[in-house]
2 protein chains.
Amino acid sequence: MKDYLAAVDVGGTKVSVSVSNREGIAAKRREPTCKQGDETALPMQIDSMIRGACNDAGVSVDDVSAVGVSTCSPFDRRAGRLGLTAPNLCGGLGWSPVPLPNDWEFIPLESELAARYASVSIGNDCATAAVAERTFGAGRGFDDLVYVTWSTGIGAGAFVDGRLLGGKHSNAMHLGHIPLHIDTEESYLDGWREATNLEPNAAGPAIARAYDGSSNTREVFRRYRSGDERARSVVTRAAKQFARALVTVTTLLDNRLFIIGGSVSNDWDVLEPLVSREFYAANPFFVQDVEFRKCALENYLGDLAGLSLVMPESWIHEWRERKPWERAPG
Amino acid sequence: MKDYLAAVDVGGTKVSVSVSNREGIAAKRREPTCKQGDETALPMQIDSMIRGACNDAGVSVDDVSAVGVSTCSPFDRRAGRLGLTAPNLCGGLGWSPVPLPNDWEFIPLESELAARYASVSIGNDCATAAVAERTFGAGRGFDDLVYVTWSTGIGAGAFVDGRLLGGKHSNAMHLGHIPLHIDTEESYLDGWREATNLEPNAAGPAIARAYDGSSNTREVFRRYRSGDERARSVVTRAAKQFARALVTVTTLLDNRLFIIGGSVSNDWDVLEPLVSREFYAANPFFVQDVEFRKCALENYLGDLAGLSLVMPESWIHEWRERKPWERAPG
């Protein structure tokens, strides 16, 4: 009976893998992300963790019918197969913020896993969060929704007309990397700089840095709540940038709903009035029928994101009723 | 034999309607766009023009199996059915640049046509152009493409993963209305102004206005070609804005191809190096695998745009071979 699914969550520091059947999450493993060896080392680690989790659950790896992977990105393709070109994993790209013990330029995730499992589905962590929220969380019943993570980075995953946006290399919705300015004296010809994009200006670390450079983001929000003027100014500016970026998204995708997740959204009660005030003051033709919701599955995305990519319809109804992710092994 | 298709092209000044069979475009009618009467006047005009074209072609209106409509927009929905809330048609919205002899707020296009025809498909003029270019023009074989019109306005239509983006009210890809600045001292709270968006700064009229306010756009390009410094500066700035807006699009949609149409793209030989230079200087992760092409069907979109929405697969192969649109009645 091939009635198990494996879900994989690949982050820059940790990989977690779970194995589930229709009843719920049967076993889970977590390890530091492998960054040494050849370019197949990480897919090999994932395979070995799936086998380990199957062992923990007392089932054979042959019982795994599909593997759903939620991962940091971006992706590229070789011979049509998706692989990772994530700067925080691939040392050979020369883009990593910290030194990496490898010279990888491409991690062949899809080809290596597809050689071992009958069905493999891969999405970046925001795309898979959008799938999970639409299946089990704040996006149920919505065909046109955008999940946005507002955290140490800013990213998004989108459904349009009931379908998840992928794009040629599954890199759609890298929202944090849109330019802050379309009209500007600057030109990319003078040297493209990531600093001119949304993320380095409005994500969590930017809020902390703009405040005093030594407080963390949560502290800035605490000061905002206690009436600190500087915190108010810094948070309001980030909220305005975020809102105007969402105006761009809605103008292009005509979405009905934004679901906001990520660590910065822990202070959504502070941010929501600031963001929505700016957002709804834009062109009413486009913004008037849009709704904002806080994400519902924040603490469960590690388990549900990859899983939602491959879960059959026949399980979904039961899982919605019983919410087995709330009783998953730690 | 229900083997005719009707194609409708609704513009702010003219409506054209054609009736086609598998062989080609059999008859065509063109009239000034009806702007008087009650809110159903325009759909009634379209119905009457379809009947007239059928008459011209010597066929019964009962032989029309589907109607494809390409129209100016935006759209809204009432009771689930699409209708027009185009500022240049609906006087009741109060957004028209010129006085309109009606107080319409919503033209019930879909419900009125669906009451008369078995199958009705409606898209805005950029979405339908994207469909036509992908079916018959510069986009054949591409699953991830964005058609952009650069004309008196700027708009777009997009395919992602082989599917046309619609959105909740079929208003996706109103590219001209994205904000030029995400980070700015301005706020929508001070009053949202269309002037802060892409279109009023980079579309054809903006190029002419920025030059001297009395030349038209084509003259500015002629002066550019003869080495006029002011023309060079004005055109270069518009090209840079356009390129950076396309960086935003690619960052969000991960498209493989841009197809550029519209009257400004008549000077694409001047614009292409300016646009692509700025575009390809952005983040290589996102922009490196993107291609630009001039549209292939510019002069035929009036006939092909609405038609492509409803053309059956069985016709498409033959039409690609024989290109009957090149021999359509005038």
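Student: How many residue pairs are in polar contact across the interface of chain A and chain B?

Tutor: A polar contact is a pair of N or O atoms within 3.5 Å; within protein, one must be able to donate a hydrogen and the other to accept it, and residues adjacent in sequence count only if both atoms are side-chain atoms. Here the rule finds 40 such residue pairs between chain A and chain B, both residues at pLDDT 80 or more. This is a predicted model, in which local features need pLDDT of at least 70, side-chain atom pairs count only at pLDDT 80 or more, and totals for chains, interfaces and linings use all residues. Residues are numbered from 1 along each chain as written, chains are lettered from A and ligands numbered from 1 in written order, and side-chain values use heavy atoms, without hydrogens and water.

Student: How many salt bridges are there between chain A and chain B?

Tutor: A salt bridge is a side-chain nitrogen of Lys or Arg within 4 Å of a carboxyl oxygen of Asp or Glu. The count between these chains is 4; one of them joins Lys168(A) to Asp254(B), at 2.8 Å from N to O.

Student: How much area do chain A and chain B bury between them?

Tutor: The size of an interface is often given as the accessible area lost when the parts come together. Buried area is the accessible area (1.4 Å probe) lost by two parts on being put together, summed over both. Chain A and chain B bury about 5,900 Å², 60% of it on carbon and sulfur atoms. In chain A, Lys168(A), Ile182(A) and Arg244(A) lose the most area to chain B, together 15% of what that side buries.
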